[in-house]
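Colleague: I'd like to learn how to read charged pairs and helices in a model like this one. Could you walk me through it?

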Amino acid sequence: MTSIAELMTHDHRSCDHDFARAETLAAKGDWPAATEALNCFAASLESHFRAEEQELFPRFEAATGMTQGPTEVMRGEHVEMRATLDRMSSALERRDADEFAGEAETLLIMMQQHNMREENILYPMCDTRLGAQREEIVNTLALRLNRKLTA
């Protein structure tokens, strides 16, 4: 069975790939393709955030009683990343390569730090604290993320 940590870390890597594609296309000045790639990344990232915010975090909070802990921090970081992504999208619309690159660098740093905290701290805590529900949660998350599970 796949763990919460494995599934969600795999989804981080998928989002990273989409992000890198958008960055590469913008750097080449292929604005239509960069816009399409950024939209794909934004959809993947939003799907990931919603899976966490609507499924994983509430279950973790219910099991642990921690509502002012790591999940609150992650939600706050999601808000910041969404705002940065909006600025990237606006820069693409204006075909402002410098602003896009600056915002992309900011988002990349934010995502790296955020993902490291989730992958090394929060997801393992979820796997431990949600042990009895883990299989159901993994299946629900996989459906929300449109990911196939491997045995």
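This is a predicted model: local features need pLDDT of at least 70, side-chain atom pairs count only at pLDDT 80 or more; totals for chains, interfaces and linings use all residues.

Colleague: Okay, so is Glu103 buried or exposed?

Modeller: Glu103 has a relative accessible area of 14%, so Glu103 is buried.

Colleague: And which residue does Glu103 form a salt bridge with?

Modeller: The general idea is that side chains of opposite charge can pair when their charged atoms come close. Here, Glu103 pairs with Arg87, and their closest N and O atoms are 3.1 Å apart. Arg87 has a relative accessible area of 37%, which makes Arg87 partly exposed.

Colleague: How many salt bridges does the structure hold?

Modeller: There are 13 salt bridges. One of them joins Arg75 to Glu61, with the closest N and O atoms 2.6 Å apart. That pair links distant parts of the chain: Arg75 is in helix H3 (residues 70-93) and Glu61 in helix H2 (residues 31-64), 14 residues apart. Glu61 counts as buried at 13% relative accessibility, while Arg75 is partly exposed at 26%.

Colleague: What about Asp127: which partner does it have?

Modeller: Asp127 forms a salt bridge with Arg134, the closest N and O atoms being 3.9 Å apart. Asp127 is buried at 10% relative accessibility, and Arg134 is partly exposed at 26%. Elsewhere, salt bridges with shared partners join Glu46, Arg50, Glu53 and Arg82 into one network.

Colleague: H3 keeps coming up. Which residues in H3 are buried?

Modeller: First, the general idea: an α-helix has 3.6 residues a turn, so residues three or four places apart point the same way. In H3, the buried residues include Thr71, Met74, His78, Met81, Leu85, Met88 and Leu92. Glu77, Thr84 and Ala91 are also among the buried ones.

Colleague: What do the buried residues of H3 pack against?

Modeller: They pack against helix H1 (4-27), H2 and H4.

Colleague: How far apart are the end C-alpha atoms of H3?

Modeller: They are 35 Å apart. At 1.5 Å a residue, the 24 residues of H3 should span 34 Å, so the two values agree.

Colleague: And what comes just after H3?

Modeller: Arg95 is there, with a positive phi of about 55°.

How values were computed:
Residues are numbered from 1 along each chain as its sequence is written. Side-chain values use heavy atoms; hydrogens and water are left out. A salt bridge is a side-chain nitrogen of Lys or Arg within 4 Å of a carboxyl oxygen of Asp or Glu. Helices (H or I, at least four residues) and strands (E, at least two) are DSSP runs, numbered from the N terminus. Buried means under 20% relative accessible area, exposed over 50%, partly exposed in between (1.4 Å probe, protein chains only). The expected span of a helix is 1.5 Å times one less than its number of residues. Contact means heavy atoms within 4.5 Å.
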